[in-house]
Amino acid sequence: RRELARLAAVSLHSTQRWLAAVRQMGFLVDEPDSPIHLMCRNEFLQHWASAAMIRKPREIRARSMSGGSSVEAVHELASKHPAQFTLGLLSACNALGVGVVLGAPEHVFFHDPERRSLDLLAFGLVSAPEGGLGSFVIRRPRAPQSLLRGRVQRGQLWCADVLQCYVDLLQYPVRGMEQSSAILDRLRWRA
């Protein structure tokens, strides 16, 4: 329990409350002197995802003022401005090597706690119409602290981790269920 609290960067009390809630929902086998065992992982992740989907994410379409592809633009943001941007959704899956969906819009999360709004010009960006050449989606994460604690680095890129991708993609309209299913297969979490 202490190790879980340390890894999650939360207090031991918060960890114990969370474990008690998950145990009460029937997803946890937690004996005093044995490791914690998560039961019904698929159902647990779907429950987690549905709780996360209560609020619609805020997002805007943008493109780089210097031109180039949407992949180049989101990779540049995630590598040059890691304090503000993290690859998300299908873009993160592709960077992490678990992507199976090609041709979908690129996504990057904007999570700068110092800024309530995004000044596109400060990052060399302009707004773009949906489907415009080189356009991509900038999204505010529903849970910025969770995203930041769990993100991983691949080369110069900061990416949402596969579990965050799974949750975000469950209700994503462009083949999100297909990608979520592929993540479970990759993790060998199928029931």
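1. A polar contact here is a pair of N or O atoms within 3.5 Å; within protein, one must be able to donate a hydrogen and the other to accept it, and residues adjacent in sequence count only if both atoms are side-chain atoms. By that rule, the side chains of His111 and Thr86 are joined by a polar contact of 2.7 Å.

2. On the source: this is a predicted model, in which local features need pLDDT of at least 70 and side-chain atom pairs count only at pLDDT 80 or more, while totals for chains, interfaces and linings use all residues. Residues are numbered from 1 along each chain as its sequence is written, and side-chain values use heavy atoms, with hydrogens and water left out.

3. The overall picture. The secondary structure comes to 8 helices and 9 strands; helices (H or I, at least four residues) and strands (E, at least two) are DSSP runs, numbered from the N terminus. The C-alpha trace spans about 60 × 35 × 30 Å along its principal axes. For 191 residues a compact globule would have a radius of gyration near 16 Å, and the protein's 18 Å agrees with this. That radius is taken over C-alpha atoms, and the globule rule is 2.2 Å times the number of residues to the power 0.38.

4. Of the 191 residues, 39% count as buried, where buried means under 20% relative accessible area, exposed over 50% and partly exposed in between (1.4 Å probe, protein chains only). Contact means heavy atoms within 4.5 Å. Among contacts between residues at least 6 apart in sequence, 68% join residues at least 24 apart.

5. Strand β5 (residues 107-110) is covered on both faces. His107 and Phe109 are buried on one side, Val108 and Phe110 on the other. Two strands pair if DSSP finds at least two bridges between them. Strand β4 (residues 85-87) pairs with β5 in the antiparallel sense over 3 bridges, and Phe110 in β5 is the bridge partner of Phe85. β5 and strand β7 (residues 136-139) run parallel and are joined by 3 bridges, with Phe109 opposite Arg139 in β7.

6. Strand β3 (residues 59-64) pairs with β7 over 4 bridges in the antiparallel sense, and Arg61 stands opposite Val137. β3 is also joined to β6 by 3 bridges, again antiparallel. There, Val126 in β6 is the bridge partner of Arg63.

7. Which residues form the aromatic cluster? They are Phe85, Phe110 and Phe123. Rings of Phe, Tyr and Trp (its six-membered ring) pair if their centres lie within 6.5 Å; planes under 30 degrees apart count as stacked, over 60 as edge-to-face and the rest as tilted. The structure holds 2 aromatic pairs. One is Phe85 with Phe110, tilted, at 5.4 Å centre to centre and 50° between the planes. Phe85 lies in strand β4 and Phe110 in strand β5, so this pair ties together parts that are 25 residues apart in sequence. Phe85 is buried at a relative accessible area of 0%, and Phe110 is buried at 2%. Phe85 also pairs edge-to-face with Phe123, at 4.9 Å centre to centre and 90° between the planes. Phe123 is in the loop between β5 and β6 (125-127), 38 residues from Phe85, and is buried too.

8. His111 lies in the loop between β5 and β6 and counts as buried at 4% relative accessibility. The charged end of Arg151 sits over the ring of Trp158, 4.3 Å from its centre. For that description, NZ of Lys or CZ of Arg must be within 6 Å of the ring centre and within 35 degrees of the ring normal.

9. Helix α5 (residues 89-96) is mostly covered, with 6 of its 8 residues buried: Leu89, Leu90, Ser91, Ala92, Cys93 and Leu96. Most residues other than glycine have a negative phi. Leu89, in helix α5, has a positive phi near 50° and is buried at 1% relative accessibility. Gly97, which follows α5, also has a positive phi, near 85°.
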